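Here is a note for a colleague who is opening this structure for the first time. The points below are meant to be read beside the sequence and the model.

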Amino acid sequence: MGMKIVRIKARKAFNPTKIPGANYVVNQYVGCQHACLYCYAKFMCKWYKYEKWGRWVVIRENVAELVKRESVKGKVYMSSVSDPYQPIEKEIELTRRILENMNKRTKLGILTKSDSVLRDIDLFKEFKDIEVGLRKEY
Ligand code: SF4
């Protein structure tokens, strides 16, 4: 079975969140190719009316542009309903473009399961306050 890829435009890059330790989320992807069985974000299937978690990804393709003109105070968590370094990121480099364009004073938290995160170390170094976690567990 193939992967369903849907491209949409987001209205905003940063949205308020109740996630502990964060004030905002930035979600460039919804849906995740890693398809972890225990994933806390599976509930998004219902919202997007797609069936099987791990078989679809919605790309909010303009988020890299939106972050140029939006900035927020407080802590931002990147990708609460996906993995910012899931396989498709290698192809389209949306996460990378967001990091390039984001105000480097943004307090940013990123968590991923993919070694691809290492590609962006050059950009992480430009941020004043950033936490990047790599957790290998599927
Ligand atoms: S990597 Fe994270 S977001 Fe992706 S399926 Fe696994 S738990 Fe969910």
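1. The second largest pocket has a lining of 19 residues, and Tyr38, Tyr40, Ser82, Leu111 and Lys113 are the ones nearest its centre. A pocket here is an open set of points on a 1 Å grid over the protein atoms alone, where a 1.4 Å probe fits and protein lies on both sides within 12 Å along at least five of seven lines, and lining residues have an atom within 4 Å of a point. This is a predicted model, in which local features need pLDDT of at least 70 and side-chain atom pairs count only at pLDDT 80 or more, while totals for chains, interfaces and linings use all residues. Residues are numbered from 1 along each chain as its sequence is written, and side-chain values use heavy atoms, with hydrogens and water left out.

2. The second largest pocket holds about 320 Å³ of space, a volume being the space filled by probe spheres set on the grid points, which are joined across faces, edges and corners. Its lining divides into 11 nonpolar, 5 polar and 3 charged residues, where Ala, Val, Leu, Ile, Met, Phe, Trp, Tyr, Cys and Pro count as nonpolar, Asp, Glu, Lys and Arg as charged, and the others, Gly among them, as polar.

3. Where does the ligand sit? The ligand sits in the second largest pocket, in the sense that more than half of its atoms lie within 2 Å of the pocket's grid points. Around the ligand are Cys32, His34, Ala35, Cys36, Cys39, Trp53, Ser82, Asp83 and Lys113, each with a heavy atom within 4 Å of it. By class, this shell consists of 5 nonpolar, 2 polar and 2 charged residues.

4. The largest pocket has a volume of about 410 Å³, and among its 16 lining residues Val25, Asn27, Met44, Ser80 and Val81 lie nearest the centre. Its lining comprises 11 nonpolar, 4 polar and 1 charged residues. Both β2 (14-16) and α1 (44-48) supply at least two residues of this lining, with α1 giving the most, namely 3 residues; helices (H or I, at least four residues) and strands (E, at least two) are DSSP runs, numbered from the N terminus.

5. β1 and β5 (residues 56-60) run parallel and are joined by 5 bridges, with Ile8 opposite Arg60 in β5.

6. Parallel pairing also joins β6 (residues 75-78) to β7 (residues 107-112), over 4 bridges, and Tyr77 has Gly109 in β7 as its bridge partner. β7 pairs in the parallel sense with β8 (residues 129-134) over 6 bridges, where Lys107 is partnered by Asp129 in β8.

7. Arg7 and Glu61 form a salt bridge, their closest N and O atoms being 3.3 Å apart. Arg7 lies in strand β1 and Glu61 in the loop between β5 and α2 (63-69), so this pair ties together parts that are 54 residues apart in sequence. The whole structure has 12 salt bridges, each defined as a side-chain nitrogen of Lys or Arg within 4 Å of a carboxyl oxygen of Asp or Glu.

Key
Pairing = 2+ DSSP bridges.
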